[in-house]
Amino acid sequence: MRFAILPTLLTALSLWAASLLAFEAEAQRRFGPLEAETVLKVLSTTDTALLAPLLEDFLATHPQTALDYYELGSADLMQAVITDASGFDIAISSAMDLQVKLANDGYTLRHRSNLTQAMPGWANWRDHVFGFSQEPATVILSPRAFEGLELPRRRQDLITLLRRHPERFSGRIGTYDAAASGLGYLFATQDARTSDGFWRMMEIFGSLDLRLYCCSGTMIEDVARGDLALAYNVLGSYAEARSDLSGQVLILEPQDYTNMMLRSAVILRDTAEPGLAGELVDHLLEAAWSPEGNPAYPFHRYPVRNGAESAPYRPIQMGPGLMVYLDRLKRQRFLREWHSAVEQD
Amino acid sequence: MTDQPTPDARLRSSGSLRRRLALQLVGSAAVLASLLFFAVLGFTRDVSQRSHDSILLASATSLMDSVTIEEGQVTLDIPYAALSMLGNISDDRVFYRVTLDDSTLTGYGDLPEAPAGARLEEPGYWTGSYRGAGLRSVTLRRRMSLDSGAAGIAITVAQTREGQQAELAALTRSALALGGGFFAIAALLALWTAQSSIRPLQVLTGVVSRRGPKDLRPVQRAVPSEMLPLVHSLNRFIERLRVSLTRSEEFIAEAAHRVRTPLATVRTQAEITLRRVEKPENRNSLREMIRAIDESSRAAGQLLDHAMVTFRTDSLERKPVDLQALAEELVGRLRPVAELKDIALVLEAGSVPPVPGDAILIQNALRNILDNAIKYAPPDSEVAISVTMDQSAVTIAVTDEAGGFPEAEKNALTERFVRGSNAAGTIGSGLGLTIAREVAEAHGGRLVLSTSSTGAGACVSLSFPLS
Ligand SMILES: Nc1ncnc2c1ncn2[C@@H]1O[C@H](COP(=O)(O)OP(=O)(O)OP(=O)(O)O)[C@@H](O)[C@H]1O
Ligand SMILES: [Mg+2]
């Protein structure tokens, strides 16, 4: 009797647990057959549509496998992993700092393969966090707003333009709200770390009625519509993905330096399918770093830097340093400073 | 005698000196190598631990430096480098915690603090485990004065030890290789040392065991000072042996000499008496008496000769001896004796180069051999003496027709006092061939007893090396 009851009980329990998910997924989609033998549950901050071809490519070679893809914000993702680590197999996130913290705090599983060994060392932290894209923090420009002006190439050019033509740009500058967007916060802190000019630029932005956005989508659309003359620190990959807006936005990779965000994947500690999860991660890494690449790979493949070149691209360094800005006091202090720079009334 | 000393069954070995030496040296090499291993390991571990600690401390210090008091509140602004510097030494996980009077300001609230050092300002270190991983941590403590009074701030920075452990494993491997290499070299040197330190012993053994049986000269070879007492005692022992041998030879010679003279007198008297006595039984007993006297004086004479040979071979003089002339002279002297038995002595001697030696001894040896030939040969026979040479030696061969040596006894005949079964009825002492052999051997030559080519008698040859 007891044995008959147990499975029923377990099913009931898992249903109950599923209904109690600690987050609300923005979107959820099943890839692969409904009746699959194994199902990998993937938490991701990446637009489902963006990764879909690559995931389907993976499933083509794994017929008995399905993927449950949950799309959600980076903070929610972190929260989901910490409170409900057992439910999921892989987390894919653009929030490098949070991914590193997950690995540092022991929520992830080590994975080693030929691909993890062949990939660039700076994109792999402890064989736990695997970067599989390089996406620049760019400035999106509205070509109409810059009519008659020389297009800026570096941050200094931009500052000079804003100083000369405050009337033209006032109220037409946008950037992420660092307090609301994890990615915005990451880019802002990396800027502050890299350049002394950052705070000055924020003050100028602030003096020109900076508009803050939670998400890249609306920001890019506002630029395309001409409501914004420029949006600062927008992910170039998102802008490029909006092929519908091509010609209405210009993507500027600042020549002084361009921070490169690494989208990364981690295998979660309590996964029941470490082997399969590893294969999926390897699939992403192969598309990103192997010489052959993969036509389904949605991101631009930048040349892999070997340090000596003076290219402006700077991949954000994975490692414990990223956790500094996650510190409660540090974050409070940084946001306080940032707000006082961008909000000048 | 062979070169190798035959091991004496009664002599027990107390083990090999070389092996014992080698074992001790190899043993001490092993001890030293393991000492070296542990010393190097301890030292490098210490250095590695200290360098890790110093980076942890640098991190904690930079955190401490960022502590400020704002509006009466303690706060801190963690520098980016404080944590990223830890990422530069290894890919290990990093934890930190800042507490103010035991309440966590920021960081990991459950991270254990390292116990305080001897003084408050001294950093405390701790090795333990946290979140399932081995950890090394440092805690820095300061007192701060706030508006609300004094408060204690403690900053803990910790890192997991995977990188350090990998480094320690590599260090252990190199320390092991170092110790092993040291041991291998030391062991080789130990074996070599053991071998070379017993070499003088082997040399001495060789020198002593290669000696001829009569060689009683002291050992002159240079030996290590530790062996001097042994060689000294050995030499004293040899000297005592030589002295006592000489003394007994002298005693025998003296005794023989003292016996011979009165015997001669007794024999003369007995012969005179024989001529006077007529009764056959008296004459017979007198003849018996004379024969016994002859026997005794022959023995005395041979004993004397033997003693003389022994004495002269002791320190053999080596002057060129012309064996052809020597043989001619001796054959000439013995011819009258041989003619008494109608024995013809035939000498065939070409000219030969001189051999180094003692003419008196060689003459004595040859005389004994000729003596035998004449004594044991039937009357009216021939004794042939030849002197020949080959590349290395001159050989004097005496061939008779006396029926040869009894084959079964041949080997023993050159021993002292041994006489053959064919010697019954002839006067003799059994020393003649002994003398001949000893003389030959003293000169480095040989005495060979064989059967003559015709088979009618014996062929005795004496050979002497040319140099
Ligand atoms: N030419 C020979 N022919 C046959 N037998 C011999 C001959 N020479 C020696 N022998 C045998 O060898 C023995 C030993 O000889 P050796 O000369 O030593 O002693 P010996 O002649 O008996 O006594 P002495 O000491 O008086 O010579 C003899 O007793 C004899 O038996
Ligand atoms: Mg004789």
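Me: Where is the place of A:S264 in chain A?
Reply: The model is a predicted one. In chain A, residues 264-268 form a strand, and A:S264 has its place there. The strand is β14.

Me: Does A:S264 count as buried or exposed, and why?
Reply: A residue is called buried when its relative accessible area is under 20%. For A:S264 the relative accessibility is 0%. Because 0% falls under that cut-off, A:S264 counts as buried.

Me: Which residues does A:S264 touch, not counting residues up to four places away in sequence?
Reply: The residues touched include A:A91, A:I92 and A:S93, and also A:Q99. Others among them are A:V129, A:F130, A:G131 and A:F132.

Me: How many residues of chain A and of chain B are in contact?
Reply: Contact here rests on heavy atoms within 4.5 Å. By that rule, chain B takes part with 24 residues. On the side of chain A, the number is 21.

Me: What area do chain A and chain B bury between them?
Reply: The size of an interface is often given as the accessible area lost when the parts come together. Carbon and sulfur atoms hold 45% of the area buried between chain A and chain B. The area itself is about 2000 Å².

Me: Which three residues supply more of the area that chain A buries against chain B than any other three?
Reply: Together these three supply 29% of the area that chain A buries against chain B. They are A:R126, A:L329 and A:R333.

Me: Which side chain meets that of A:R333 in a salt bridge?
Reply: Across the interface of chain A and chain B, the rule finds four salt bridges. In the one with A:R333, the N to O distance is 3.1 Å.

Me: Which element gives the largest share of the side of chain A that touches chain B?
Reply: Across the interface, 14 residue pairs are in polar contact. On chain A, α4 (96-104) and α13 (328-342) each supply at least two residues of the side that touches chain B. The largest share is five residues, and it comes from α13(A).

Me: Which residue has a polar side-chain atom 2.9 Å from an oxygen atom of ligand 1?
Reply: Ligand 1 is surrounded by 21 residues, with B:R298, B:D400, B:R419, B:N422 and B:S429 the closest. B:G430 places a backbone N or O atom 2.9 Å from an oxygen atom of the ligand, and B:L433 has a polar backbone atom 2.9 Å from a ligand oxygen. The residue with the polar side-chain atom is B:Y376.

Terms used. Residues numbered from 1 in each chain as written. Chains lettered and ligands numbered in written order. Predicted model: local features only at pLDDT ≥ 70, side-chain atom pairs only at ≥ 80, totals over all residues. Heavy atoms only, no water. Buried area = accessible area lost by both parts, 1.4 Å probe. Polar contact = N/O pair within 3.5 Å; in protein donor to acceptor, adjacent residues only side chain to side chain. Helix = DSSP H or I, 4+ residues; strand = E, 2+ residues; numbered from the N terminus. Buried < 20%, exposed > 50% of the residue type's maximum accessible area, 1.4 Å probe, protein only. Near = heavy atom within 4 Å.
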